[in-house]
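Have a look at the model, then read on.

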Amino acid sequence: MGLTLSRKAAGVKPSSTLAITAKAKAMKAEGIDVVGFGAGEPDFNTPDNINEAAIKAIKEGFTKYTPASGTAELKKAVCEKFESFNGLHYEPNQIVISNGGKHSLTNIFEAILNPGDEVIIPAPYWLTYPEIVKLSDGIPVYVYGSKENGYKVTAQQIRNAVSENTKALILNTPSNPTGMVYSEEELRAIAEVAVEKDFYVVADEMYEYLIYGEKKHVSIASLGDEIYKRTITCSGVSKSYAMTGWRIGYTGSSVEIAKLMGSVQSHQTSNPNSIAQKAAFEALSGDQSALESMKVEFDKRRKHMYERISRMPLLNLLEPEGAFYVFIDFTDVLEKSYKGQKIGTTARVAEILLEDYKVAVVPCADFGFDNFIRLSYAISLEAIDKGLDRIEKFVSSL
């Protein structure tokens, strides 16, 4: 046939993190002892009270369509969470419940972008951001953070990247992949640029509960009326409540943007899963003790991984402040040879580690930083130690 397929779809890169995780799971299924540092997925089970709420919903027949942008009950719970945790006041008609964080971001860019609009994306970035922007006919514009600034970008860098076509900035704090957190002072400076230059801020705060030590989470939309009007705040239950498979995300925005997102969603997916919405309501409004105990365990793993990797030869990293990732500079490793050949790329490092050392890691070329590898500490301490033993054996052999 002479029919051509979508150039837009053909230009989308498959998610390398999901591909690596799938390969590691396939090897495990074959009985191979693989340690997977790949997925951004808590290893904890969803808390019992949340599971029970879902079971109750099924038994009570809550299995029909809901309003396309989410139930009134869940929207109210999201409003209360925004008020108490983020210092943000939203009404239910400003909330859109979606099928996870990726879907929320897709809705946002479908609602705000026109062909040729530019979106500033600080690097390193979550690899999905550029693909969603491109699918929504936008143009990614990359700004690169430095190690000296914790791989965060400055307000001045953002100002320098603004053009007449700038429509939005994506701001992810705590960051995937770096685990670094923007301070209130840094956010105020960025907010000033956004207000002055008049562009939207898409605030991805999916890891907002997972912040450690003295750091605290600040929502940029809470820093004044003008930045509030320009911000779409995006979060969900996946990471904090160990609910990745339930697929519930949510946004707070202007009524106008929420209405557009709801309209798009009504045609693309209809409502989010009805049972998952009941579970998410319980997550946000029910007992929060499981969330705190998971955070304590993540913090223990974070400190342990940072201390162990810091002592390894050839590897460099900063101590992460949030989320559940370490972002490791492998530049010195790339200059070395392995089995008579220069290593050269982090993709090759990942290949060697998986094939010869049975460890799955995420090379960060797709995150905008070619020489880096991301490890997740959303796995047990026992698995962390086993995997780090193998990585240390590899780098020590070079």
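K339 is exposed, with a relative accessible area of 66% (exposed means over 50%, buried under 20%, and partly exposed in between, using a 1.4 Å probe and protein chains only). This is a predicted model, where local features need pLDDT of at least 70, side-chain atom pairs count only at pLDDT 80 or more, and totals for chains, interfaces and linings use all residues. Residues are numbered from 1 along each chain as its sequence is written, and side-chain values use heavy atoms, leaving out hydrogens and water.

**K339 and its partner**
- K339 pairs up with D356 in a salt bridge, 3.1 Å from N to O (that is, a side-chain nitrogen of Lys or Arg within 4 Å of a carboxyl oxygen of Asp or Glu).
- K339 sits in the loop between β11 (337–338) and β12 (341–342) and D356 in helix α14 (residues 346–357), so the bridge ties together parts 17 residues apart in sequence (helices, H or I, at least four residues, and strands, E, at least two, are DSSP runs numbered from the N terminus).
- D356 is partly exposed, at 36% relative accessibility.

**D43 and R301**
- D43 and R301 form a salt bridge, with their closest N and O atoms 2.9 Å apart.
- R301 is buried at 3% relative accessible area, while D43 is partly exposed at 36%.
- D43, E297, K300 and R301 are linked in a salt-bridge network.

**D33 and K386**
- The side chains of D33 and K386 meet in a salt bridge at 3.3 Å, N to O.
- D33 is partly exposed at 39%, and K386 is partly exposed at 34%.

**The tally**
- The count comes to 30 salt bridges.
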